[in-house]
Amino acid sequence: MPTIPKAGGAKRRPKSISSERWNLRLYVAGQTPRSLAALANLRRICEAHMAGRYEIEVVDLIENPRLAAGDQIVAIPTLVRKLPPPLKKIIGDLANEDRVLVGLDLRKE
Amino acid sequence: MPAVKKRGSHNSVSAGELPGIAKCPTGVQGLDDILGGGLPRGRPTLVAGAAGCGKTLLAMEFIIRGIRQFGEPGAFMAFEEDEKELIQNVASLGFDLPALMRRKQLAVDYVRVERSEIQETGEYDLEGLFVRLNSMIEQVGAKRVVLDSLEALFAGLENEAILRAELRRLFRWLKDKGVTAIITGEQGSNQLTRHGLEEYVSDCVLFLDHRIHNQVGTRRLRVVKYRGSAHGTNEYPTMIDQHGLSVLPVTSLGLDYAVEKERISSGIPRLDTMLGGEGYYRGSSILVSGSAGTGKTSLAATFADAACRRGERCLFVAYEESPRQIVRNMASIGLNLGRWERKGLLAFRAARSTLYGLEQHLVSIHKAVEEFDPAVAVIDPITTMRSVGNEGEIQIMLTRVVDLLKRKGITGLFTSLSETGWSEHSDAGISSLMDTWILLRNVESGSERNRLLFILKSRGMSHSNQVREFVLTERGIQLTDLYTGQGKVLTGSARMIQEAQDKAQEIVERDKTAQRRRELEQAQRRLQAQVNDLMAQLELLEEERERLKQREKARTDADATDRECIARVCGAD
């Protein structure tokens, strides 16, 4: 697993959250309704809160089962916030937008 | 179902097993005997128990022995220890996980679920876990799977409803995969596992227990259920040592062992004589009881020495003295045990009785017997176990030891330290297990203590009813007759004094006789001399008389001549 650069993002984030790059990875297992819903929910949230500053990578474990161990994936779907650090995991179909925003540190609980 | 490769000796399925339940031998010493051959093949088994009771070790042994002994690859999914920790933890047992992983026989995956890192935002399932498990199984072609322990999921995930539904799906999935699985679970307060995993695993449940009694820990294993198979229902003593886990089965014990007619020497010729002239029966159990310092260990060591002299192997289990100390001490009675040890005929197993519980002592004896395969075993002393168990428990343990030795045809000598004084009663419980019971006793007399030896019983032989004095000399143990003259029983120096007195008396008597004889001879000689003297006088008298007679005759003759001459001269008329 590549090491996450720590110095930059973590310190800058509280001041200029709007200028950060978002690197998100969504783990799914096949084209199930739940994973399709999760992807749709994720796109919607990203467009609303970080338009133009995000990147979504979808990993299908049916095709790449070995990738599950790297990010310690147990539940499906799992959204992993690779950047900005620290690493965050959000599981479920992302239907509850408030909780997604809390999970992504975009909103305090 | 693929045929099981029968490489180990543990995978024998006992007779009377229901058909239909295929068994998957664990290879764990003793466990397969209890399980009637092994775990249910192709089904999950729950191993429950408190922290530190050996669940992970049992699961790991199941996988590793599966690979080594039965050629079945395995997958180990760890939730509590990472790969590195697992490798280190079992390396001390001689299990080289990295080598097995390189050979594609073992797959290990560490699953970490950290609640603080995870935000739940709606519906999900545990497909990720399934994918990882499946990937491992396919990677090595696993036939055996371990999940250690699923309870971690309950700590990491919030939605218990989803979790429970997914676990149900997981166990079904494992069955469909046809893998034999072990799932471990932490002991709960009022159920078998904290989160009720037993609800999902209905085929076989094992429970491991580690309890402390008198500050001594004891491990036990129990088969809570085993659907469709006969199994032992007891709590079985279990031990973890440098070779892994072992369970001591008791169900296989019975009273159907072969009996020997052969006799073996006790190492003391006179004791053999007392035992019907030939010594102990081979394969019998001998109890030597006596109070402190009566020579129990010496008797045991003499027996061990005799076995080694015959070229037989002897196992000496010592609970009170270190092997070095025994070897040194026995040198003082002329036994060189060190050389037998060097030759590999004598093996010591020494441990303080309080080191671990009765069961573990039992298991360690069991293992020592399995490893060393002795013809003769000495356990010195069994009574030291009182510190870790009560009388009843000791008796159960000894029954198991006796059964073990008898089944293997091993002659066992047990020493028992009785409390001070006369105490046939204290050993009465265990004595019924024994074939021969020798009692050593101290008797105090004339400001000294001496040792006596009795044979209280010896099954199947006409043994002596005599009491013998038991003397430890630098040339070994000597049995001596007691002094029983003049209506007294004497031992030790009293016996020797009495014997010396008797001897002196005899000498005096003998001297007197000789003197009298000399006197008589003298008198006889004196008389004879007198007789000789008288005879000489008689001879003299005889000679005198003869001479007188001659002289008289001469005179008579002369007179006659004279008269003739006169007549002639006179010309008488």
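Of the 109 residues of chain A, 29% count as buried, a residue being buried if 20 or more other C-beta atoms, placed from the backbone, lie within 10 Å of its own. What I am presenting is a predicted model, in which local features need pLDDT of at least 70, side-chain atom pairs count only at pLDDT 80 or more, and totals for chains, interfaces and linings use all residues. Residues are numbered from 1 along each chain as its sequence is written, with chains lettered from A and ligands numbered from 1 in the order in which they are written.

Chain A has 4 helices and 4 strands, arranged along the sequence as α-β-α-β-α-β-β-α. Helices (H or I, at least four residues) and strands (E, at least two) are DSSP runs, numbered from the N terminus. Among contacts in chain A with a separation of 6 or more, 65% join residues 24 or more positions apart; a contact requires C-beta atoms, placed from the backbone, within 7 Å.

I turn to the interface. Chain A contributes 28 residues and chain B 21 residues. On the side of chain A that touches chain B, α3 (67-70), β4 (88-91) and α4 (97-103) each supply at least two residues.

β4(A) also pairs with strand β6 (residues 118-120) of chain B, in the parallel sense over 3 bridges; pairing requires at least two DSSP bridges. Within this arrangement, I90(A) stands opposite Q119(B).

Finally, confidence. The model scores ipTM 0.81 and pTM 0.63. Chain B has a mean pLDDT of 83, with 90% of its residues at 70 or more; pLDDT is the predictor's confidence in each residue, from 0 to 100. Over residues 1-18 of chain B, pLDDT stays under 50.

Notes. Contact = placed C-beta atoms within 7 Å. Buried ≥ 20, exposed ≤ 12 C-beta atoms within 10 Å, placed from the backbone.
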